[in-house]
Amino acid sequence: MAFVAYTKPREEKRAQKHLGQQGFTTFLALCRNSRGPDLLPLFPRYLFLWLPENRPWKPVTNAPGISYLITNSLKEPSILDDRIVDDIKERMEKDGGAVVLKGETVQNRQFQPNQTIRIVGGAYIGHDGLYCQ
C-alpha cells in the first residue's frame, strides 16, 4: 500500500533523501521534455512512500521537506493502490528512466562521423554542430 506525501516547494529530492535515511521506501516519479535533458518531478511536490503497518506515520510529517501526508476525511493517510505506482514506474523504464512529456519519444539516433547535426534541446538549442566520434 502506497501513500502520498505533499512536499515543500522544490524539495521532493530532499524529502526523499531524509525519509530514506529514516528507513522509509520512497518513489519520486520523474519526467523530461524537449527543452533539455533535466529530469523533473512528474507530479511537482508529490512523493510516493510506503509505511510499514507497525510504524507510526506522524514522524513522516516532521521530515525535512515534507509539508503533510495526503489524508482522507478521517485524517488518516489515504491509501494508493500499488498498481498505480507500478504503472508509472513501468512507463519511466520504457521511456529511458523518466516519463517523456508532450507526446515526445526517446529516439536512439545513429550519426555518422562528420555529419552536420542540429541541437534540439538544452542551452545550444537551434545551433548546428558537427558529429565527431
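Which residues of α1 are buried? I put this to the structure, which is a predicted model, and found Glu12, Ala15 and Leu19.

**Entry 1: helix α1**

I looked up how these three are arranged. They cover an arc of only 65° around the axis, which places them on the same side of α1. I recalled the general rule that an α-helix has 3.6 residues a turn, so residues three or four places apart point the same way. On the other side of α1, I noted Lys13, Lys17 and Gln21 as exposed.

**Entry 2: after the helix**

I followed the chain past α1. Gly23, just after the helix, has a positive phi of about 95°. Gln22 belongs to the loop between α1 and β2 (25-27). I found Gln22 partly exposed, at a relative accessible area of 30%. Leaving out residues up to four places away in sequence, Gln22 touches Arg55, Pro59 and Ala63.

**Entry 3: the nonpolar core**

I then turned to the largest nonpolar core, which has 27 residues. Phe27 and Phe48 are those with the most contacts inside this core. The elements that give two or more residues to the core are β1 (2-7), α1 (12-21), β3 (30-33), β5 (46-50), β6 (66-69) and α2 (82-94). I listed the contacts of Phe27 beyond four places in sequence; among them are Leu47, Phe48, Trp50, Val85 and Ile88. Lys89 is another contact of Phe27, and Lys89 lies over the face of the Phe27 ring, at 5.1 Å from its centre.

**Entry 4: Thr7**

I examined Thr7 in strand β1. Thr7 is buried, with a relative accessible area of 0%. Beyond its neighbours within four places in sequence, its contacts include Glu12 and Ala15, both of them buried residues of α1. Tyr46, Leu47, Ile66 and Ser67 are also among the contacts of Thr7.

**Entry 5: aromatic rings**

How many aromatic pairs does a search of the whole structure find? I recorded four. For Phe43 and Phe48, the ring centres are 6.3 Å apart and the planes stand at 90°, so the pair is edge-to-face. I compared the two partners: Phe43 is partly exposed at 35% relative accessibility, whereas Phe48 is buried at 7%. Finally, I noted that Tyr6, Tyr46 and Tyr68 form one aromatic cluster.

Notes: Residues numbered from 1 in each chain as written. Predicted model: local features only at pLDDT ≥ 70, side-chain atom pairs only at ≥ 80, totals over all residues. Heavy atoms only, no water. Core = buried A, V, L, I, M, F, W, Y, C linked by side-chain atoms within 4.5 Å. Buried < 20%, exposed > 50% of the residue type's maximum accessible area, 1.4 Å probe, protein only. Helix = DSSP H or I, 4+ residues; strand = E, 2+ residues; numbered from the N terminus. Contact = heavy atoms within 4.5 Å. Arc of directions from axis to C-beta. Phe/Tyr/Trp six-rings, centres within 6.5 Å; stacked < 30°, edge-to-face > 60°. Lys NZ or Arg CZ within 6 Å of the ring centre and 35° of its normal.
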